[in-house]
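Have a look at the sequence and the structure first, then read on.

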Amino acid sequence: MPEQGFATVVAVDGPAAAGKTTTCLALARSFDLRYLESGRTYRIIAFEALQREIPVDNTGKITGLCDELITESRSESLLTSERYAPEKLRAAPVNVAVSTVAKIAEVRQRVTSLIRLWAGAQTRCVIEGRDIGTAIFPAATVKFYLTARPEIRAMRRVRQERAASYENVLNDVIRRDAADMSRTVSPLVAAEDAIRIDTSELSLVEVLSRMSSACRNRGLEINR
Ligand code: CDP
């Protein structure tokens, strides 16, 4: 099945809060796949830039920071570093800074290499992000593009994160989508061969059932 000389890769892309993490974790369990949340790495870089008071729009300094973080975390890979608590990486200032960091071509190149390296060491994996099926693994085994109306995505995220206000989350979702879709380097767009699922009117079970049948159709076996 892996026609591309690397692991079986399930690529799950889509806008902010589209339910990628929840569905990827469920697929990972069902099909025995290793899971990678690629957005976390962009969030780590943005978080460290804020901590170190490095302006996030300074391409040279942010690229330097990225190199430093990669070197520092060599033994565990920045992608899977356990040093960062989710609530720190999901704080409002990081949500704002991450869109700017993710626009930088040099940073994207480095994160892309880390992801390819990580995937090369797996047999089967599911990776979520914005450019997995378009730029990082154009020959992925299965590609999904998950989306939903912004109001629904914001409502789901408020329910999930409890503390945040609906208005703030909706504004953040709309702002990040616009930034991700309009950037020059690997903008957020559905791959032509991605299976598009609008989850606005679907339950999690229905979404998972569609994703699971597509995976089975591409030869992935259920983990019993
Ligand atoms: O979980 P949520 O959908 O809110 O976002 P995330 O997956 O944690 O990604 C945070 C940000 O990282 C996105 O808004 C993008 O700017 C950037 N990102 C990216 O550019 N490429 C990826 N493959 C993943 C994330």
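Asn171 sits in helix α9, residues 166–182 (helices are DSSP runs of H or I with at least four residues, strands are E runs of at least two, and both are numbered from the N terminus). Please keep in mind that this is a predicted model, where local features need pLDDT of at least 70, side-chain atom pairs count only at pLDDT 80 or more, and totals for chains, interfaces and linings use all residues. Residues are numbered from 1 along each chain as its sequence is written, and side-chain values use heavy atoms, leaving out hydrogens and water.

**Asn171**
- Asn171 is partly exposed, at 47% relative accessible area (buried is under 20%, exposed over 50%, partly exposed in between, with a 1.4 Å probe and protein chains only).
- Between the C-alpha atoms of Asn171 and Trp118 there are 33 Å, and 53 residues along the chain.

**Thr199**
- The loop between β5 (195–198) and α10 (204–217) holds Thr199.
- Thr199 is buried, with a relative accessible area of 3%.
- Beyond residues up to four places away in sequence, Thr199 touches Ala18, Leu146, Thr147, Ala148, Arg156 and Val207 (contact means heavy atoms within 4.5 Å).

**Nonpolar cores**
- The largest nonpolar core has 37 residues, and Ile45, Ile62, Val107, Ile115, Ile127 and Phe137 have the most contacts inside it (a core is a set of buried Ala, Val, Leu, Ile, Met, Phe, Trp, Tyr and Cys residues joined through side-chain atoms within 4.5 Å).
- Elements giving two or more residues to this core include β1 (8–13), α2 (39–51) and α6 (105–120).
- Another core, of 22 residues, lies apart from it, with Val12, Val142, Ile197 and Cys215 among them.
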